Amino acid sequence: MSADSQDHHEDHDHVLPFWKKYIFSTDHKTIGIQYGLSAGAFLLFGFFLMIVMRWSIAYPHEPIPGYLSWIFTDGWKARWLDDGMVTGETYNMFGAMHGTIMVFLGVVPLGFAAFGNYVTPLQIGAPDMAFPKLNMASYWAYLAGGLIMCMSFFMESGAAKSGWTNYSPLAGYADRQIVNQFLAGQTQWLIGLVLLITSSLLGSVNFVTTIIQLRAKGLTWMRLPFFVWAMLVTGFLLLLAFPPLEAAGIMQLMDRVTGSSFFMPSGLFSKEDGVLDISGSGSPLLFQHLFWFLGHPEVYVLLLPAIACVAEIIPCNTRKPLWGYKPMVWSIVALGFLSFVVWAHHMYLTGMGPVISTFFQTTTILISVPSVILLTSMIISLWGGSIRFTMPMIWAAAFLPMFGIGGLTGLPLAFNLADLHLHDTYYVIGHFHYVVAPGILFGLFAGVYHWYPKMTGRFMDNFLGHLHFWPSLICMNLLFFPMLTQGMAGFHRRWYNGGEGYIEKGTEGINVFGQTVAENISLNEVMTGAAIGLAIFQLPFLINMVVSYFWGKKITSDNPWDATTLEWATPTPPGHGNFTFDPAIYRGPYEYSRPDHDKDFFPQWEEPKRSIPAEEPSEKPDKETTEA
Amino acid sequence: MEIPFIVNARKDTGLFNSKVGIWLFLASEVTLFGGLFSGYLFLRLYADYPWPERALPVLPGLINTFVLIGSSVTVVFAWAALKMREWRKFQIYMAITLLCAALFMVLKGIEYNAKFHHQAVQIEGPGPVQGKGIIEGHVHYAEIKDGKLTEVKDKDRYHDEGVFPANRILIKASELTFVLKRPTHEAYVKEILKQAGDDYKITLAKDYRVPDEDELHEGGKNRVQLLASGKALVADAGSELSIDLLEEMEDSFLEARSHDKDIRTDFLAASWDWIRDEKGDDDLSTYVVEKDIWKERRKEDAKKFGPLMLSAPGEVTFKVDPPLILVMKPGDIPQFSKEQVKFRDDTVVKGEVLPSPIIMGVDAIDFRHTAMRAEAEGIEPMKAIEVSWILTHTDSHGGNDLKKAWNCHMAWLKYQTERLEKEGRVPSDNDKYRVNWDEMVAYQKLDLDPEAVYKAAGEDALYHSSLFDLKGFAGANHNEFDFPHVEIPRENVGFESTLTPKWNTYYAIYFTITGLHGLHVIGGALVLGYYLFFGRKMYDSNPEWLANRVEVGGLFWHFVDLVWIFLFPILYLM
């Protein structure tokens, strides 16, 4: 970008009306923040749903306490609660929406869309995304999709209630009593999903194009920060994995609205309607295949942005290069490819047959190799570093063991035989929550603390940061570790009363789970307490976000962490168009503590002095990549 | 701010931005349609009914294939014209492209419309296997005359008021009961009121009363007194049914329910506080609700809160005077008996379900499913077919045209079998068990005489719809040909639908995949149309940029064409 266009741009920036600058903005940073705030709000809402569910699990016969139920109107309570207690139907509704909100409306938009949008163009030296208007459309499609899904809570049918996986035939049949199917929560879920998929398709096309086309001169592939690699792979995953789910969503929508039987087998019977008035001959298994073809890559869509944040924060705070940058890059690429061929390990219990199960078991074990390379490289990166325990680093450091637990507890689930016992138990819930909550969310928290100074010009408060971190760490473990125990004891994930109906008091009972359920049911109260504690200790974070914006310690340089990647070369906060100079890249992304350099960091954009010998191990700046 | 590489290519990638973008988008489109195509495979391979083969009219699909291929060529010409800076040529080629898109959609519309009007009915009735045969055709129209369903013969009257397709269910309604916890009656109430007009009175059977909250809490009155109070009256007996009235009662019901639940919740919470005090937190377990101490406490609670309950009635009943014959779509009535039906929203209509046959002109009879089932159960297919209602019923004229048509089919099949035997071949299931529309026309032309059919088949004089027969362009043409008439009593109607996604998974995937493809055609045409009608300004300022855009739009257009090239053989020919 020329200096002229930058000037022009800054002038332009001043005349933009409020709604164009902050609401319908095409600036990737504003859109990133919009995504972040919206995703944060959705996360809190999803978290709230979960606390109500956990109340029901721990205290199934007790009305929801006032501090949880004040949000509901009397009419809503009359319809959906039973004398103030959560009913099975309401629990299912909250469960389905908790999963949906956390995955589709919370973590993915926060990790990929918010961080990706804000940081990626800055790290590659681009003035914005390749298609700024598409970027804006992507955000608004996301918000519309999310709101449509959530508004269905207020409909007569209530929100979707067939699990976040929305399996047919249950999901195809639910809410049939609603005459206008477009006004049924289960249908609204699908409409919302189609909008979300549209949003993520627009977003992923934009990300991948931006990374391929708008890299600054000299920024060759192996000089890309790991964060950018992660976004590139995530972009491809979203691009290619989501459309089959869109196909499934459209087919399920047809089943609901036109009465077709894509996923409805022959001979379905319900108490209310008798033999259903459908043609049948559909395949519920087809839905599961299409769902998990997205569903598994989606796990990596959740995970990679968090790993990406941690991989940026660790070198910066250990003041040494990321150990094994190239193997990490190849691992993440391999991970991307492999994630497309593991989906059916979610379906061992469907009876697809031993041959198929064995195939997916093998690929699932294979995918653990690149995952382990990534985690191990980051752990080794700590070795011998002079670690600065800044707030981002503390979160990043906690990510490593927490994600480790999440990953390792997944191994037994990869095996068909072990999965037969563990499938749909709390063990699975414990496993993936370890990956997503203390894993991914910690990584993303690290990212917030790390890039907050770039976004606002102020640091977040350390005391509030610690008050956020330590209780969160403790509560997360108190919340999720007992799930692993309960799961092995046979607790099913969909017991709205926490397994109370399964308790076997005598020793001679025929219920094989009865005894183990009785032994472990008291953990429900521990977990519910931890969940409430976890909620309380998010308050310091929310306060910190607001308070630091106005009164936080001001940064004294544009590069307050003494980091090496290009986002720190921008003004703080960066203006529209990002850079005040034409960025060029001279070296790899993590040149910390180089003995031949006077400072302990050597930014990518800093021109080498003539006396310094050829740059190793980076490649030479690529003259070809200059603007045409 | 300028985004680089919008117009000119980046040197190391050799591409401008939107070209990268469109290829990525197309990659995602491949997986989208890939998901749908794999859906097609799954459904076809695991279908538990005979998958319809060559069930669609080929000509419109074939024309559409060439139309799209042609448009893919003209869109390239349009792009090339832009590259050569020949605006006029660009306009011409782009206009042709858009006309092709429009023609494609028109043909698609004709095809869809034919399906929307083509009824299919699975027959119920006697027979040793589950499948009892399928009848296809066009539903005729009917009206209510002298309290009975009567066919309307005059086609000009089909769209008159009071005339409806003869596939509805008729209920002589004398009483309607609405469930108040379901505030979604609007659709049915509107329909009922519309059908009632001014000649029928639908009135509330008895007062709808809910005790007044304040009066209840003041105390001193028993329930009878509370209900007798003027404040309790929500709606008078005799009030006429309206959406507003129902809403008013629904609101009162829901308010009363909230009130009651609120009180019960408070009592329950207080009891939990009490038991915590009583037993201490450590001694509480989830079994506490099964213990006598808790049960006793709850009994006492119930005694206390019982008198505080408003207990509003959850259902309201309306009388219909005189009884009104309601004409309803079968899909709205999941369950019915002779005396009452229940709508999807749980509204109950009491009265009498009147004879509600489906009256139609039959253009195809299909026993393939019957044969498939019979073979699976080790029964000779023809034995199962012979006892089907289709071949054994007697119509109002004392005959059975379908039986006659089937006999003609048997005569043709005899000829066909003999012919094929000479070539060492056997007839297909389609040959054996399905009478297609053109066969039906041929038999009608020969007065349903089997001997004449056998003879004509030998002389190759049977009417046969060829690829380019415009009379059957979109399938059976009921305006052009006569087809046998049938009245299927409701008890012999199994699953029924028009040839829409509901009918079977073949039509479901056909409509979904071609519908989505059609949306792509429309979307692509809108974008290309935008360049044609609003591109001049950009052409004048930066023609290369416009050329890039057209190139990208053209790539998308080629993809749309490519999808159709897969769809045509899969859906129309295989």
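A helix here is a DSSP run of H or I at least four residues long, a strand is a run of E at least two residues long, and both are numbered from the N terminus. The model shown is predicted.

**Figure 1. Helix 11 of chain A and the residue that follows it.** Helix 11 of chain A has 35 residues. From its first C-alpha to its last, helix 11 of chain A reaches 51 Å, close to the 51 Å expected at 1.5 Å a residue. A kink of about 30 degrees is centred on A:W292. Of the 35 residues in helix 11 of chain A, 32 are buried, and the helix is described as mostly covered. Just after helix 11 of chain A comes A:R319, with a positive phi of about 55 degrees. Most residues other than glycine have a negative phi.

**Figure 2. Helix 10 of chain A, residues 226–257.** Does the length of helix 10 of chain A agree or disagree with 1.5 Å a residue? Its 32 residues should span 46 Å, and its end C-alpha atoms are 45 Å apart, so the length agrees. At A:F242, helix 10 of chain A bends by about 30 degrees. A proline, A:P243, follows within four residues. Helix 10 of chain A is mostly covered, with 31 of its 32 residues buried. Just after helix 10 of chain A, A:G259 has a positive phi of about 80 degrees.

**Figure 3. The contact between chain A and chain B.** Chain A gives 63 residues to the contact, and chain B gives 63 residues. On the side of chain A that touches chain B, at least two residues each come from helix 1 (3–15), helix 5 (74–80), helix 9 (185–213), helix 10 and helix 11 (284–318) of chain A. Which helix supplies the largest share of this side of chain A? Helix 10 of chain A does, with 10 residues. By class, the side of chain A that touches chain B has 27 nonpolar, 22 polar and 14 charged residues.

**Figure 4. Chain B and its domains.** Domain 1 of chain B covers 30–116 + 506–573, domain 2 covers 169–355 and domain 3 covers 378–498. Between the C-alpha centres of domain 2 and domain 3 of chain B there are 55 Å. Chain B contains 18 helices and 17 strands. Its C-alpha atoms fill a box of roughly 90 × 85 × 55 Å along the principal axes. The radius of gyration of chain B is 33 Å, whereas a compact globule of 574 residues would have one near 25 Å. Of the 574 residues in chain B, 37% are buried. Among contacts in chain B with a separation of 6 or more, 75% join residues 24 or more positions apart.

**Figure 5. Helix 8 of chain B, residues 292–305.** Helix 8 of chain B has 14 residues. From first C-alpha to last, helix 8 of chain B reaches 20 Å, close to the 20 Å expected at 1.5 Å a residue. Helix 8 of chain B is hardly covered, and the count of buried residues among its 14 residues is zero.

**Figure 6. Two cis peptide bonds, at A:P169 and at B:P322.** Most peptide bonds are trans. The bond that joins A:S168 and A:P169 is cis, with omega about 5 degrees. Where is A:P169? A:P169 is in the loop between helix 7 (132–151) and helix 8 (170–173) of chain A. In chain B, the peptide bond from B:D321 to B:P322 is cis, with omega near -10 degrees. B:P322 lies in strand 10 (residues 315–328) of chain B.

**Figure 7. Positive phi at A:D562 and at B:R54.** A:D562 is not a glycine, yet its phi is positive, at about 55 degrees. A:D562 sits in the segment after helix 21 (539–551) of chain A. B:R54, also not a glycine, has a positive phi of about 50 degrees. B:R54 is in the loop between helix 1 (17–45) and helix 2 (58–83) of chain B. A:D562 has 16 other C-beta atoms within 10 Å, so A:D562 is partly exposed. B:R54 has 12 other C-beta atoms within 10 Å and is therefore exposed.

**Figure 8. The loop that holds B:D482.** B:D482 lies between helix 15 (450–458) and strand 16 (485–488) of chain B. With 11 other C-beta atoms within 10 Å, B:D482 is exposed. B:D482 and B:V362 are 120 residues apart in sequence, and their C-alpha atoms are 9.2 Å apart in space.

Notes: Residues are numbered from 1 along each chain as its sequence is written. Chains are lettered from A and ligands numbered from 1 in the order in which they are written. This is a predicted model: local features need pLDDT of at least 70, side-chain atom pairs count only at pLDDT 80 or more; totals for chains, interfaces and linings use all residues. The expected span of a helix is 1.5 Å times one less than its number of residues. The bend at a residue is the angle between axes fitted to the seven residues ending there and the seven starting there. A residue is buried if 20 or more other C-beta atoms lie within 10 Å of its own, exposed if 12 or fewer, and partly exposed in between; C-beta atoms are placed from the backbone. Two residues are in contact if their C-beta atoms, placed from the backbone, lie within 7 Å. Ala, Val, Leu, Ile, Met, Phe, Trp, Tyr, Cys and Pro count as nonpolar, Asp, Glu, Lys and Arg as charged, and the others, Gly among them, as polar. Domain bounds come from an automatic or database domain assignment. The radius of gyration is taken over C-alpha atoms; the globule rule is 2.2 Å times the number of residues to the power 0.38.
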